[in-house]
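Please have the sequence and the model open side by side. My notes on this structure are below, in numbered points.

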Amino acid sequence: MTQRLFETLHRLLLYLYAYVRVFALDFSKAFDTVRHSTLIDKMSKLQMPDQVFNWIKDFFDGHTHCTRYAGETSSFASIKASVIQSSGLGPASFLVTAADLLPLHGRNRVIKFADDTYLIVPACNTDTCLGELEHIQDCAAKNNLRLNSTMTKEMLFRANIRLGNDVQLPPLCQDTERVTSIVALGVLINDRLTASDHVSSLLESCS
């Protein structure tokens, strides 16, 4: 995961000529919506030993649940989606399910940290943002994932030193809120790419 964080920061610096737009995408109850049939179908296409695939398939088969209330118990229903929380297969299962969440345009990037997903768009592709977000939402729906548009945030990284104040900043994409910092894997990243906010947050939590 730390490698993915470094990859994100590296990609930002490569693209940072005028500005870079980063969209932090939020999937509602991501692990709970992983559909077993879709997951197993995608895993069957991976290069893994048969015994490992069969073990994973058996792990997801045969789970049921019921509800007990006021002394009454419902009939058992099969569990056909979700992964067991805190299990070793949780993050990997989501990543396999979301493997086909890819950008439409070549220079844009989609980077995933388990259920945290980030869309990176350089200034030259700023007109593609809306199309990319709609495409990701469509792909998510096909995989039984629910993209929470109200929780999706945008952060704008700007190369002030090179271009001064002459750069025209892009307008907001739909109703996406533009923020000045996000937390990725426990690291507080601000739109200035400095460590000051993260260090302050650490010191505050220690005190």
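The points below go from the whole protein to single residues.

1. **What you are looking at.** This is a predicted model. The secondary structure of the protein comes to 7 helices and 11 strands. Its C-alpha atoms fill a box of roughly 65 × 45 × 35 Å, taken along the principal axes.

2. **Inside and surface.** The protein has 207 residues, and 39% of them are buried.

3. **Charge.** There are 20 positive and 22 negative side chains in the protein. The centres of the two sets lie 3 Å apart.

4. **The sheet.** In what order do the 5 strands of the open sheet lie? Read across, the order is β6-β7-β1-β8-β9, and the pairing is mixed. The edge strands are β6, residues 109-113, and β9, residues 177-179. Each of these two pairs on one side only. On average, neighbouring strands of the sheet are turned by 25° against each other, with direction ignored.

5. **How strands pair.** Strands of a sheet pair through backbone hydrogen bonds, either parallel or antiparallel.

6. **Two pairings of β8.** Strand β8 covers residues 153-158. With β9, β8 runs parallel, and 3 bridges join the two. One example is Glu-154, whose bridge partner in β9 is Arg-178. With β1, β8 pairs in the antiparallel sense over 6 bridges. Here Ala-24 has Lys-153 of β8 as its bridge partner.

7. **A helix across the sheet.** Helix α5 spans residues 129-142. This helix lies across β1 (19-26), β6 and β7 (116-122). Against β1, α5 runs at about 20°.

8. **An enclosed helix.** Why is α2 described as largely enclosed by the rest of the structure? The reason is that 6 of the 8 residues of α2 are buried. They are His-36, Thr-38, Leu-39, Ile-40, Lys-42 and Met-43. The cover over the buried residues of α2 includes α3 (50-60) and α4 (89-97).

9. **Thr-33.** Find Thr-33 in the loop between β1 and α2. Is Thr-33 buried or exposed? Thr-33 counts as buried because its relative accessibility is 4%, and the cut-off for buried is under 20%. Now leave aside its neighbours within four places in sequence. Thr-33 is then in contact with Ser-28, Ala-81, Ser-82, Asn-143, Asn-144, Leu-145 and Arg-146.

10. **Ser-201.** Where does Ser-201 sit? Its place is in helix α7, residues 196-206. Ser-201 has 35% relative accessibility, so it counts as partly exposed. That class lies between the buried limit of 20% and the exposed limit of 50%.

11. **A distance to check.** Asn-144 is one of the contacts of Thr-33. Ser-201 and Asn-144 are 57 residues apart along the chain. Their C-alpha atoms are separated by 36 Å.

Notes:
Residues numbered from 1 in each chain as written. Predicted model: local features only at pLDDT ≥ 70, side-chain atom pairs only at ≥ 80, totals over all residues. Heavy atoms only, no water. Pairing = 2+ DSSP bridges. Helix = DSSP H or I, 4+ residues; strand = E, 2+ residues; numbered from the N terminus. Axes fitted to C-alpha atoms, helices over the stretch in contact; angles between N-to-C directions. Contact = heavy atoms within 4.5 Å. Buried < 20%, exposed > 50% of the residue type's maximum accessible area, 1.4 Å probe, protein only. Lys, Arg positive; Asp, Glu negative; His and termini not counted. Charge placed at Lys NZ, Arg CZ, Asp CG, Glu CD.
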